[in-house]
Amino acid sequence: MKALPAVQTPARTTPVSPWLANPTGQLWHTLTSVRLALTLILLIAVATLTGTLLDQVPASVANDSVAYNRWLEGARGRYGVFTDVMARLQLLSVFSSIWFRGLIALLVANIVVCTINRWSSIRAQVFSPRVRMTPTYFDRARVGATFSVNLPAATAAATVRQGFRSAGYRSLTEDGESVAMYADRFRFSRLGTFLTHLSLVLLLVGAIMGRVWGWSDNQFIVAQGATREVPLAKDISVKLEQFQEEWYVEGPPKDFSSELVIYDKGQEVKRGTTRVNSPMSYKGIAFNQAFFGQVAVVEVKDAAGNDIFNEGVPLAWTSNQGKRPVGFMELPGQQVTGYIVGPEPGSYDSAVPLGTVRLELYDKTTKRLVKVESLSRNQDVQAEGLTFRFLRESQFTGLKVVKDPGVNIVWLASGLMVLGLVMVFWFPHRRMWALCTPRADGGADVRLAAASQRDLGLEKDFEQVTAKVRRALTRRQQDEKRGAGHV
Amino acid sequence: MYDLSQYSYVASFIALALAAVFYASYGVTRRRAVVVGFDADITASIGGPRMPAMTASLGRWGTILIINAFAFLTGALAFRWIAAGHGPFSNMYEFSLAFVWGTLAAHLYFEFRYGLRSLAILVLPVCLAMLAYAATVPSEIVPLVPALQNSLLLSIHVAVAIAAYGAFVLSFAAAVLFLFNRQDRFHWLPRRAMLDEVGYKAVMFAFPLLALVVILGAVWAKVAWGTYWSWDPKETASLVTWLIYGGYLHARVVRGWKGERSAYLLIAGFGAVVFTYFGNYFLGGLHSYG
Ligand code: HEM
């Protein structure tokens with residue numbers, strides 16, 4: 001519904017707030033303002049800076065209340081009594097906070113409204129510019145020049161056009177008593193502003209698509225020789241043929257790579273190597289090399305001698321107390337679950353000597369530790385009615401498996417953004433006008449002026465163009481004189 | 001080659017320090033000339049302020065020294081490139097040299113194009129500080145860790161950043177002088193309108209490049225880590241920088257924000273550049289080169 005016009009009551013002296021009189025109109029008006037844009041951009045900059053300076057809740061912790069509380073306790077050490085207030089204000093999770101998203105949403109609305117609002121005037125400037133300017137315009141122009149020539153106005157105008165052309169400007173002419181001209185260069189630069197602004201909206205669309213339809217598994221672990229299903233894409237499974245690491249003689253790592261086979265519904269569909277900086281991908285799912293570690297291959301038999309477990313256990317976690325790598329094994333149908341603990345890397349570990357692993361068994365119902373044993377290579381150890389045997393060491397690869405259907409949109413938007421910015425700033429639109437007015441003596445006055453712009457590059461460009469125009473006019477005048485002499 | 005690179009670095013440091021001395025004397029004598037002999041009435045009658053010969057020659061020597069420093073620095077980077085077998089873009093030492101290189105290039109451009117020497121008052125100290133900082137960090141060539149081995153992407157990413165940062169130093173210098181030269185009261189400094197212009201020109205050049213830097217960073221993150229944006233502190237800090245300069249571009253068309261406030265935004269933007277640059281020291285994250 002349209003707001004009704006306010007009834008004219010002369011007695012009323014306090015003006016009605018435009019927000020009450022015409023809320024939608026006022027909202028629209030506010031959203032066209034560059035001042036609002038400036039405010040929003042600076043607020044977002046401040047918010048982003050806050051998010052960089054304050055510790056932010058890691059994504060891995062955000063959805064797990066126990067882990068989150070543990071993290072918050074850690075943060076208390078830094079922020080003391082302010083911690084809870086800061087957490088309440090979402091200062092420790094700025095980038096997923098409601099207020100940050102609100103700012104972005106406002107910015108997008110601002111951009112869209114601004115674009116719509118300015119479209120028709122920009123379109124006119126680019127596609128149907130005004131050709132004739134009044135003499136007053138030339139009088140007032142900040143950047144301008146006047147030449148008096150002994151040429152008829154039409155000839156002078158044609159020569160000025162030549163001058164424009166040789167300077168790389170296209171020109172439009174409007175004949176009349178005086179000849180008016182418009183010349184410009186890089187007119188599509190104007191559209192660069194739209195490209196830049198709309199690319200920001202597109203960027204956001206891509207990012208949201210990634211959030212809604214994408215997922216990522218940062219801890220996808222496959223032991224050498226094993227095949228695992230991708231938990232978030234059940235049809236796909238991955239086998240690690242071999243993991244390889246290379247180190248420089250000086251010590252730092254040089255390269256890690258995993259030879260993978262990808263299966264789709266059990267069919268082998270792809271085979272290749274994934275390494276840091278060159279992920280493998282299949283059906284829009286990217287497999288990135290992220291980390292790696294040790295595996296202990298363990299065999300477990302029950303009292304009857306049946307195999308109940310025979311696999312590599314990736315020691316992919318670290319123990320709470322020390323820095324020992326830990327892995328978990330599920331023992332189906334048993335009262336206990338097992339943990340395998342490896343020796344602390346890079347130091348002498350008396351509790352877990354090199355070449356052995358420690359077995360810890362926990363009761364499934366009480367969660368209590370019920371047994372600790374040391375497993376040496378190829379030796380049977382009896383515990384809780386089961387026989388454990390540590391067969392050998394091996395390696396696992398840790399992959400980051402990501403599906404992001406918005407990523408191509410993000411790249412498209414990025415490309416458009418850079419294109420738009422280059423158009424706007426490196427090829428600025430330059431506009432000039434000329435007016436050739438006939439004089440009583442048969443000559444003409446040629447006046448030039450440039451549309452003012454915010455940068456002085458304009459003046460340099462104008463000087464160059466006027467120099468060309470002047471040269472063309474001078475030459476033409478000489479030619480005419482010479483021609484007249486011959487007659 | 002490595003030694004040659006080190007010598008060139010030292011030579012460029014010395015040349016730049018000397019240049020600073022020459023520019024400072026240039027500034028002082030020029031100022032005296034303006035204050036003593038060339039007030040408005042007199043200059044009007046002789047057709048514009050003319051510089052005493054000594055001042056002019058001090059300025060010229062300053063410029064020559066900067067060109068020398070620039071050439072030595074080019075040598076230092078080139079020799080290092082040959083010695084390491086990859087672009088000199090992988091640790092703080094190399095970044096710092098490249099940063100100064102970019103800044104000197106931008107300065108020389110503005111000096112020749114607009115005849116502006118005075119910006120050196122601020123540009124040279126920034127460069128000298130950066131070169132001094134480079135002396136405090138390890139300069140050995142170490143092998144690249146896997147994430148940095150994507151050398152094409154890395155080289156472009158850093159080279160573009162260097163070009164942008166160099167221009168931002170210039171816009172910073174212009175903004176500080178702009179604020180200092182209120183009402184154009186210091187005749188020995190460039191006019192405010194010119195300083196405003198230089199600040200804007202530098203941002204016009206650098207803003208698209210900074211966008212490209214952030215985007216290339218995202219491409220690289222996608223390739224190396226699987227996600228193009230993870231709010232990594234260094235990524236985020238360069239986004240903040242970009243936003244501040246974006247704010248500046250809009251401020252120039254908002255009433256009440258032209259001039260002084262815009263100049264403050266340029267200074268804040270440069271603050272963000274420095275913050276991003278040294279971010280490794282106080283922000284954790286994936287971008288740590290040591
Ligand atoms: C982060 C968000 C934004 C970025 C990065 C951005 C970027 C830019 C750039 C690069 C320019 C070109 C500057 C020039 O022509 O001198 C520009 C101009 C402009 N922007 Fe934005 N913009 C953003 C948000 C907005 C918003 C929300 C609005 C809505 C009011 C807006 C309105 C304008 C207008 C009206 C201009 C033209 C100024 C003029 O030349 O008269 N911008 N913007």
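A patch here is a group of residues with over 30% relative accessible area and no salt bridge, and nonpolar side chains are joined into one when they lie within 5 Å. In this predicted model, such a nonpolar patch turns up on the surface of chain B, made of Met1(B), Leu4(B), Tyr7(B), Trp81(B) and Ile82(B). Two helices of chain B, H1 (2-37) and H3 (53-84), each supply at least two residues of the patch. Take Leu4(B), which sits in helix H1 of chain B: this residue counts as partly exposed because its relative accessible area is 39%.

As for the rest of chain B, there are 10 helices and 0 strands. Of its 290 residues, 59% are buried. Among contacts in chain B with a separation of 6 or more, 80% link residues 24 or more positions apart.

Chain A puts 50 residues in contact with 53 residues of chain B, and the two bury about 4,300 Å² between them, 72% of it on carbon and sulfur atoms. Between chain A and chain B there are 0 salt bridges, while 5 residue pairs are in polar contact, both residues being at pLDDT 80 or more. On the side of chain A that touches chain B, the elements giving two or more residues include helix H10 (189-213), strand S18 (386-403) and helix H12 (457-486) of chain A. The largest share of that side, 12 residues, comes from H3(A).

Note on methods. Residues numbered from 1 in each chain as written. Chains lettered and ligands numbered in written order. Predicted model: local features only at pLDDT ≥ 70, side-chain atom pairs only at ≥ 80, totals over all residues. Heavy atoms only, no water. Patch = residues over 30% accessible without salt bridge, like charges linked within 9 Å, V, L, I, M, F, W, Y side chains within 5 Å. Areas by Shrake-Rupley, 256 points an atom, 1.4 Å probe, with all protein chains shown as cover. Salt bridge = Lys/Arg side-chain N within 4 Å of Asp/Glu carboxyl O. Helix = DSSP H or I, 4+ residues; strand = E, 2+ residues; numbered from the N terminus. Buried < 20%, exposed > 50% of the residue type's maximum accessible area, 1.4 Å probe, protein only. Contact = heavy atoms within 4.5 Å. Buried area = accessible area lost by both parts, 1.4 Å probe. Polar contact = N/O pair within 3.5 Å; in protein donor to acceptor, adjacent residues only side chain to side chain.
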